[in-house]
Amino acid sequence: MPSPGVPISYREVAVRRVLGQTRLVKIRVRFAPSPTGFLHIGGARTALFNWLYARHTGGTFILRIEDTDAARNSQEAVNVILNGLRWLGLDWDEGPMSGDPAGPSKGDCGPYFQSQRQDNYRRRVEGLLSKGLAYEQEGAVKFKMDRAPIVIPDLVVGDVRRELTDREQVEPDFVIVRSDGQPVFHLVNVVDDLEMGITHVIRGEDHLSNTAKHIALFRALGAEPPRYAHIPLILNIDGTKMSKRDKGASLSTYMDEGYVPAALVNYLCLLGWSPKNNREKMPLAEVVEAFDLPQILRHNARFDLTKLIWLNGEYIRELGDDRCYELSTAALARAGLDVGKYSTDYVKAALETCKGKFKLFGELPAYAGFYFKDEIEFDPEAAQKDFTAENKPRVVKLREALARLEPFEADPIGATLKAVAQELGVKAGVLVHPTRLACCGNTAGPSLYHLLAILGKERAMQRIDRALAQIP
RNA sequence: GACCCUAUCGUCUAGCGGUUAGGACACCGCCCUUUCACGGCGGUUGCACGGGUUCGAGUCCCGUUAGGGUCGCCA
């Protein structure tokens with residue numbers, strides 16, 4: 001028994017639930033992406049909801065790769081999925097351990113690549129054929145679909161009575177094996193869910209209409225369909241659907257732009273689900289505890305990058321020093337700033353002055369880049385405003401005072417600046433602005449006193465002199 | 001074209017017949033302050049429309065409109 005205050009694992013939380021609820025069937029859910037070369041943000045949320053439900057119930061989260069379309073499959077494409085899920089922290093209990101379809105996997109219901117399950121599909125199709133529930137036509141195999149409406153009992157949407165569309169009335173049966181021998185999605189999806197013992201199918205609402213076909217297939221296979229939960233889709237901020245081309249549609253965008261995984265996960269939790277207690281930023285363990293299917297919203301949600309960025313800032317503020325250092329230097333390196341030239345102590349001290357000041361690691365190069373450049377550029381607009389003839393003698397006076405200062409540390413620097421300002425009969429800001437611009441190149445930045453100290457007297461003087469030289 | 005889902009501030013949402021319609025992001029003020037950010041205080045903004053049901057409707061029913069999804073030898 002862990003002592004109070006010591007975090008317990010999700011698994012423990014889940015086990016406790018099960019013991020408390022005496023569940024007879026262990027819940028099994030799956031995320032079944034197709035390796036297309038990128039992981040859609042909506043897919044990431046589907047994976048998250050499945051994972052949450054598994055962890056909440058003490059069930060099993062399965063990863064299955066739907067690589068039936070050999071033409072656009074590759075190990076790299078599978079790795080995009082695996083790495084994306086790992087980055088999000090969504091660990092799977094069963095599924096592949098690498099992008100290699102023939103490689104090792106964990107779990108007793110493998111293979112977890114559809115390309116490795118051809119025999120299973122063939123057997124099932126033969127069964128349907130022999131029972132007269134499917135038939136051959138022009139080399140393809142078609143399934144005899146029910147003509148009557150099918151009721152889909154959905155945990156999120158409620159009972160949905162699905163009638164045939166006009167086209168389906170003309171031809172209700174659909175292909176389950178192509179004439180080239182390849183089984184199609186509806187068939188493989190159902191067979192795998194059946195053979196892997198999936199109890200709950202949690203997937204995007206775009207599959208709701210297709211579910212009638214899946215239910216019919218399950219029945220034809222002599223099995224009870226799983227429980228369904230169709231979750232609403234994620235739309236662009238303008239309400240249009242998110243296509244592959246929309247920026248922000250791919251998980252890799254967030255991985256590359258310096259988001260904190262936990263922040264994105266937190267944000268995703270809040271799209272289409274609500275803890276209903278006005279909580280926004282919440283630890284994953286709390287979400288796991290509260291998450292359940294019936295509370296999932298029924299309407300689509302728009303992806304609000306602004307709010308994600310806010311949340312990301314909240315998470316950055318709480319990041320440990322090491323992790324912060326790691327993400328910071330990675331962001332600086334991406335921007336082409338060579339941090340390696342500087343001592344670790346210097347970099348750490350520099351980054352310390354930026355802590356809590358930005359919401360995205362992508363902002364860091366612009367915010368703190370001046371620490372890692374030999375020569376900086378001055379913001380032209382700010383230079384116009386602050387590098388004035390009137391300010392020149394003031395800055396000169398400050399420069400002289402700072403040049404004499406020893407030790408060159410934040411507190412005495414601040415005291416010196418204030419003293420000079422008082423002597424000149426101006427507010428501190430009058431000196432701060434041009435000096436900041438001279439040393440950072442920007443009007444915004446870390447505490448001037450601290451950044452001067454970190455830059456060191458010599459470099460600070462150089463920068464001030466260079467700025468002074470620009471003033472007429 | 002047919003079928004299905006959906007509809008509360010700009011956005012994410014709370015609300016499950018009686019509320020001054022609450023919170024968060026964003027936005028606008030003020031305070032704090034060496035800039036920015038944070039923080040604090042305050043503010044603007046919403047029940048798509050039309051019919052019902054009811055003493056009473058954001059909440060229930062129907063319709064309209066709008067948005068999204070599906071109807072493939074794609075997944």
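All 17 of the 17 residues of helix H2 are buried, so H2 is largely enclosed by the rest of the structure. Buried here means under 20% relative accessible area, exposed over 50%, and partly exposed in between, with a 1.4 Å probe and protein chains only. Helices are DSSP runs of H or I with at least four residues, strands are runs of E with at least two, and both are numbered from the N terminus.

Some ground rules. This is a predicted model, in which local features need pLDDT of at least 70 and side-chain atom pairs count only at pLDDT 80 or more, while totals for chains, interfaces and linings use all residues. Residues are numbered from 1 along each chain as its sequence is written, and side-chain values use heavy atoms, with hydrogens and water left out.

Back to H2, residues 41-57. Just after H2, Gly58 has a positive phi of about 75°.

Now salt bridges, meaning a side-chain nitrogen of Lys or Arg within 4 Å of a carboxyl oxygen of Asp or Glu. The whole structure has 26. One of them joins Lys142 and Glu171 at 2.5 Å, N to O. Lys142 is in strand S6 and Glu171 in the loop between helix H5 and strand S9, 29 residues apart. Lys142 counts as buried at 10% relative accessibility, whereas Glu171 is partly exposed at 30%.

Another pairs Arg399 with Asp465 at 2.6 Å, N to O. This pair links helices H16 and H20, 66 residues apart.

Note on methods:
Chains are lettered from A and ligands numbered from 1 in the order in which they are written.
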